[in-house]
Amino acid sequence: MPFLGQDWRSPGQSWVKTADGWKRFLDEKSGSFVSDLSSYCNKENLFNSLNYDIAAKKRKKDILNSKTKTQYFHQEKWIYVHKGSTKERHGYCTLGEAFNRLDFSTAILDSRRFNYVVRLLELIAKSQLTSLSGIAQKNFMNILEKVVLKVLEDQQNIRLIRELLQTLYTSLCTLVQRVGKSVLVGNINMWVYRMETILHWQQQLNNIQITRPAFKGLTLTDLPLCLQLNIMQRLSDGRDLVSLGQAAPDLHVLSEDRLLWKKLCQYHFSERQIRKRLILSDKGQLDWKKMYFKLIRCYPRKEQYGDTLQLCRHCHILSWKGTDHPCTANNPESCSVSLSPQDFINLFKF
């Protein structure tokens, strides 16, 4: 309720002194008097109600727009990467433009490219999300949804996608608080809805129950010990070794093999890095397993991918390996350089 002396007028009303000496509100649109306070309050309540309905409709529209699965396809699956203007080309190539042009939606269906795309999505979610255009941000969420659906169906790479979703959610929690300061493209309601979707995906991944195969055939523990150890040596993530050791008692013994962890440390880290993080066991020997988990907290691990994006040094075209592009070099394959996900991000840091 307004206090004594407060002006109760709303836009479109004015004070008018009538013949009986009372000042009343005159509605300028209708020309009629608002003779008492209750009538005025009813109008105010109606006005507030209309504002609430408009806000609710706007939120519904924002959510509907965010649900749109419109994909932006380009005929060419490559893109020029240039950082300046020339007589032939004008302007700059942005990360968002490259993200739209390169065929990431199809790449996630290829097992050789899946980990590469997921790592790239994680790097963008961590620090480059605000550099994407509105279209690129929508494509980012659409590709992420395809990744989650694929993992839910295949029940593979669950931990990898959990980490990706957690990274993205943490970044959005920080960025959403700064909406309105040219940080994220779009309405706050749209991003809140996307965060709710991420939480729903995380819950779905947590509820996955991996069932034991029904067939009774040869298993890993049925193989000779030398073959089991050879298979373990091909795992490049120490967490996978720990998980494999928890599957069966026999595998647990093999997963604690010192030589296995030594090779894993030497694969990911240099001798200088290893010497700085030496850890001795109770028996006075190097504890390679503890050293590995300490090293990954201090240094980045070596990344290995079945297939990567490539940059042609001759014509500065970025594309997936095996994709034809208009190169004028005599031997285009010799001009191609493989890019790690971080190298891809660094191309667009001006």
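Reader: Against which helices do the buried residues of helix 13 pack?

Author: The buried residues of helix 13 pack against helix 9 (238-245), helix 11 (258-268) and helix 12 (271-275). Contact here means heavy atoms within 4.5 Å. Helices (H or I, at least four residues) and strands (E, at least two) are DSSP runs, numbered from the N terminus. The model is a predicted one, in which local features need pLDDT of at least 70 and side-chain atom pairs count only at pLDDT 80 or more, while totals for chains, interfaces and linings use all residues. Residues are numbered from 1 along each chain as its sequence is written, and side-chain values use heavy atoms, with hydrogens and water left out.

Reader: Which residues of helix 13 are buried?

Author: Helix 13 spans residues 288-298, and Trp-288, Met-291, Tyr-292 and Leu-295 are buried in it. Buried means under 20% relative accessible area, exposed over 50%, and partly exposed in between (1.4 Å probe, protein chains only).

Reader: What makes these buried residues line one face of the helix?

Author: Viewed down the axis of helix 13, the buried residues fall within an arc of 105°, and therefore they line one face. The arc is taken from the directions from the helix axis to the C-beta atoms. On the other side of helix 13, Lys-290 and Arg-297 are exposed.

Reader: Why is Gln-155 called partly exposed?

Author: Its relative accessibility is 31%, so Gln-155 counts as partly exposed. Gln-155 lies in the loop between helix 5 (134-154) and helix 6 (158-176).

Reader: Why does His-316 count as partly exposed?

Author: His-316 counts as partly exposed because its relative accessibility is 40%. The loop between strand 5 (309-312) and strand 6 (317-320) holds His-316.
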